[in-house]
Protein chains: 2
Amino acid sequence: MTERIDHTLRDRWTPEAGHLPPHALKWLRRRTGLDATTTPARPPAVGPSELSDAARAALGEVVGPGFVRVDRDSRLGRAGGLSYVDLLRHRGAGEPAVPDAVVLPGTPEQVADVLRTCVEHDVAVVPFGGGTSVVGGVDALRGDKAAVVALDLARLDALVSVDPVSRLAVLQAGVTAPRADRLLAPHGLTVGHVPQSYERATIGGFAATRSAGQASSGYGRFEDVVEGVRLATPVGEWRLGAAPASAAGPDLKQLVVGSEGVLGVITEVALRVRPRPRVERYEGFVVDGWERGVEVVRALAQDRVLADVTRLSDVDETEVSLALAGGWKTRAVRAYLRARGVRRPCLLVLGWHGRDRAEVARGRRETLRGHRLVPLGTPMGEAWRRGRFNGPRQRDALMEVGVCVETLETATHWSRIPELRDAVRGALVDALGRCVVMCHISHAYETGASLYFTVLAARDPGDPVGQWRVAKAAASEAITGLGTISHHHAVGADHAPYLEAEVGALGLEVLAAAKRVLDPTGVLNPGKLLPPDRRS
Amino acid sequence: MTERIDHTLRDRWTPEAGHLPPHALKWLRRRTGLDATTTPARPPAVGPSELSDAARAALGEVVGPGFVRVDRDSRLGRAGGLSYVDLLRHRGAGEPAVPDAVVLPGTPEQVADVLRTCVEHDVAVVPFGGGTSVVGGVDALRGDKAAVVALDLARLDALVSVDPVSRLAVLQAGVTAPRADRLLAPHGLTVGHVPQSYERATIGGFAATRSAGQASSGYGRFEDVVEGVRLATPVGEWRLGAAPASAAGPDLKQLVVGSEGVLGVITEVALRVRPRPRVERYEGFVVDGWERGVEVVRALAQDRVLADVTRLSDVDETEVSLALAGGWKTRAVRAYLRARGVRRPCLLVLGWHGRDRAEVARGRRETLRGHRLVPLGTPMGEAWRRGRFNGPRQRDALMEVGVCVETLETATHWSRIPELRDAVRGALVDALGRCVVMCHISHAYETGASLYFTVLAARDPGDPVGQWRVAKAAASEAITGLGTISHHHAVGADHAPYLEAEVGALGLEVLAAAKRVLDPTGVLNPGKLLPPDRRS
């Protein structure tokens, strides 16, 4: 079943960067003071592996010697995720934490054996799926261990079972999102989980990080679709998920979902699946003003008629989309909006999925009933859909020319949305000076919504990592007390200092106690989720 | 704000029993071999309180001396919940565990102080809301402590705050379900949580037990509507709930929801609320055969067009409903069904809520599209609605005449529904001999459904408790491995022996570790949720 695995992941650091047209560069110069100079990637130095020969041999015994890799490319390919700081490190600014080896188990049993072996040899283990973390979730930190290995789950790429009556599919953790949909297609089913990281991210990673996808209004957040988990831990296997709902005590599955490799390694996930939609329709609309747009999305959520995809950009993000697109079509859109009297356009993308055109039409009617939105038609919606995985490539193009570009996100209840947005924007502008801060709502609930921010500034060539660290800290402080430190990016290493403010000292103590049970020697993903003094 | 509190709860054991018409008695004799003899309640003996004077004085300091009650009626009123075995104990068969005192704190701060005082004086604490547990969840077990008090939350009966924009309401834990709806009515809002225990049960109890209500298809299970919790523990207060959704690590709120008073005492709950429906419509339908009925409900769930209330009775339950109703209307229904060619009628009750008739009509249209159901009209639906809280009263009437009558419930994935129903039915019939076992689905999900069983048998006058214990054990064994040990009744003392099979030894260890953090001396609700050897 295994497809070709790129064991080096070399392309992670030299992707095909998106194209940045001249008018976009000009616009960036004007808005951020960018002095665009090409700054190509400069691969970092990689020291020798510190994995002992004994540990290497023992791991080789478990997975086969060919699946314990210590070559430079394999190790560098798993040296961190895809945050701006991660990418800077692979461009010569700062040093990525490089694992001492990459271990590729082939079965859940081998995962368990690898963990036991690592305990025996005092080796830290970083579970590695698609490597798309933007919060330091896969940084190869060794904590107080003698060495650290990346536990790459790429070989766990099978569809274990399908129960079409119950609409359940069990998938191994290393199955990527596109592969999951390919494996389920012959059964007429889909997971429906489509985050921006779709192309690389894995089922196990989604579960470990409480992922949300662009169509989560329709299909649910990943924790909503996880019906069962199989977790390998140093002290044994833990399986959860007997029924679609239960009152048999606390929902321990929700302790595993979001545990970010700190409590165990997810090896299999049972997922609620749905029939593949045969028809999808995406449309662009415009609302005049952010406040009005928020009211519209709130009404859709509270009336429970959200489109499967519902995404509202603020005035700045809408303006940037139009500015970067350029061309006669954009000019036509601007003229049309002026003619309609729209002064502060906010783009609202709505997408409906259905078995047939009638179902999509019904969903669309439900959503649009009672709202007077300025329609931009399906071309605008389809343009968004075509480009929806392009964020990472665009970011690479921007980084090539010296831009500081990063995203961050949060969520809160509706009544706090204005205050939270202002606070985060203010903190970023204070920290970065001349910059562009864009915001959108991509996930709406009856009681609140997520806020997703994109920041563009001229990169500080002297200390690019420090420049962003200061801004990120300011934004995180602004979020604390108003919203969650992460709606769908997770905690990783970057948000760990802010978790206590959200879940309390007792929350951290409970997590640490769970970790002591499941990972008594603390080999699992050191430095993630729990702040340093509560790691084990 | 506080309404009249019945501090004795005397009426819990002498309710106004429902009426049992002669034809029903006749039917019971025929089906169960019942030799109906009136067996009126005989109040159990109550020993002297073993709460030390020092502890009583210290608790009086915290809540005021008048709110530490040691009189017989107050103590007996909190001696257990409302399971069949609980009721037997209050009828002279077996001895209820009677708390040594009842403590009634007036604020969340007082709850915390009561817990600290109980730790100091080695007193076990049983949090007590509506006292409607049917799984021994409020049995006044003292574990290894010197005494045990019932911590009655009746005075925590305030609406703390309402956020109409975010559709959030914060309610104190002791607010009963009807009072919650009364408090929210001036805001035009409702919780929408309507279990059979509605009349007595409390917000805190719903959260502590992961309750599901009759309209949970529409409004969600209680864990779905809990947006935040405030928990008093012996080591301090724990608050959770920063946002409508979060990826900030595991969802610790879901560790508190369902913790059954073992990890702390829930003092406040932030709930997602909805506009009060102005229109409700209930209708009865008939489907020919259980298998066909299950198919219909599964299709509704998987097409996401369930009515707000969706309840499918099996052939036996439908037959019993008709038999017990009696009269010319029932004869007319039978004739009508014969004329329609229905051989194995299964009653399907559907109920829709909405802002107006148009919304209800839309919902109804969505649900019924594509399904050919035999309509029985709104009278049948309304009859169900009128009687929907009558279960406990009917049970009292049946117990009066010597019937062994109890309910139990589970849930599983659709593909296992037939096997699970057969297994539980078979186990009950094997254990009880001549008896009536009825079953219905009251909660359906995309991946599965609940199964709710009602059992009627002639009571064994010699050992009525033992008779049911054997049957309950057989049913629980039958459930284990096929479904969850509880879909919405919770674990309590009765299901604790079966939890390990469901969540694993590691699950119990993690729960015990969380308990050691939050309740280091183990004063909280001994003997519940965790099996005896893992209580602290």
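Axes here are lines fitted to C-alpha atoms, for helices over the stretch in contact, and angles run from 0 to 180 degrees between N-to-C directions. This is a predicted model, in which local features need pLDDT of at least 70, side-chain atom pairs count only at pLDDT 80 or more, and totals for chains, interfaces and linings use all residues. Residues are numbered from 1 along each chain as its sequence is written, chains are lettered from A and ligands numbered from 1 in the order in which they are written, and side-chain values use heavy atoms, leaving out hydrogens and water.

**Stop 1: a helix pair in chain A**

Select residues 417-432 and 464-479 of chain A. These are helices α17 and α18. Helices (H or I, at least four residues) and strands (E, at least two) are DSSP runs, numbered from the N terminus. The two axes come within 8 Å and cross at roughly 155°. α17(A) and α18(A) are therefore roughly antiparallel; angles over 145 degrees count as such, under 35 as roughly parallel, 65 to 115 as roughly perpendicular, and the rest as oblique.

Now show side chains. Contact means heavy atoms within 4.5 Å. From α17(A), the contact is made by A:Leu420, A:Ala423, A:Val424, A:Ala427, A:Leu428, A:Ala431 and A:Leu432. From α18(A), the contributors include A:Trp468, A:Ala471, A:Ala475 and A:Ile479.

**Stop 2: A:Trp468**

Stay on A:Trp468. Leaving out residues up to four places away in sequence, A:Trp468 touches A:Tyr84, A:Val85, A:Cys404, A:Glu406, A:Leu408, A:Leu428, A:Leu432 and A:Val455. A nonpolar core is a set of buried Ala, Val, Leu, Ile, Met, Phe, Trp, Tyr and Cys residues joined through side-chain atoms within 4.5 Å. The largest one has 278 residues. A:Leu171, A:Leu271, A:Trp468, B:Leu171, B:Leu271 and B:Trp468 touch the most other members.

**Stop 3: A:Arg395 and its helix**

Select A:Arg395, in helix α16 (residues 391-400) of chain A. An unreviewed UniProt entry places a "binding site" feature at A:Arg395. UniProt positions follow the numbering used here, feature names are shortened, and annotations may be inferred rather than shown by experiment.

Is A:Arg395 buried or exposed? A:Arg395 counts as buried, at 12% relative accessibility. Buried means under 20% relative accessible area, exposed over 50%, and partly exposed in between (1.4 Å probe, protein chains only). Beyond its neighbours within four places in sequence, A:Arg395 contacts A:Leu82, A:Ser83, A:Tyr84, A:Leu87, A:Val405 and A:Glu406.

Widen to the helix. Its buried residues are A:Arg395, A:Asp396, A:Ala397, A:Leu398 and A:Met399. Their cover includes α1 (22-32), α4 (84-89), β16 (403-413) and β18 (448-458) of chain A. After α16(A) comes A:Gly402, with a positive phi near 95°.

**Stop 4: the annotated domain**

Select residues 95-276 of chain A. The unreviewed UniProt entry labels them "domain: FAD-binding PCMH-type". The span is 22% helix and 27% strand, and its end C-alpha atoms lie 43 Å apart.

Pick A:Ala270, in strand β10 (residues 265-272) of chain A. A:Ala270 is buried, at 16% relative accessible area. Not counting residues up to four places away in sequence, A:Ala270 touches A:Ala169, A:Val170, A:Val225, A:Val226, A:Glu227 and A:Gly228.

**Stop 5: strand β10 in chain B**

Switch to B:Glu268, in strand β10 (residues 265-272) of chain B. B:Glu268 is buried, with a relative accessible area of 10%.

**Stop 6: around α2 of chain B**

Select B:Pro43, in the loop between α1 (22-32) and α2 (53-63) of chain B. B:Pro43 counts as exposed, at 57% relative accessibility. B:Pro43 touches B:Arg72 and B:His90, not counting residues up to four places away in sequence.

Move along to α2(B). Its buried residues are B:Ala55, B:Ala58, B:Leu59, B:Gly60, B:Val62 and B:Val63. Among the elements covering them are α5 (108-120) and β3 (123-128) of chain B. Just after α2(B), B:Gly64 takes a positive phi of about 95°.

**Last stop: where the chains meet**

Select residues 499-518 in chains A and B, helix α19 of each. The axes come within 9 Å and cross at roughly 140°. That makes α19(A) oblique to α19(B). The contact residues include A:Leu506, A:Val510 and A:Val517 of α19(A), and B:Leu506, B:Val510 and B:Val517 of α19(B). The crossing of α19(A) and α19(B) is right-handed.

Methods. A crossing is left-handed if the near helix is turned anticlockwise from the far one by less than a right angle, and right-handed if clockwise.
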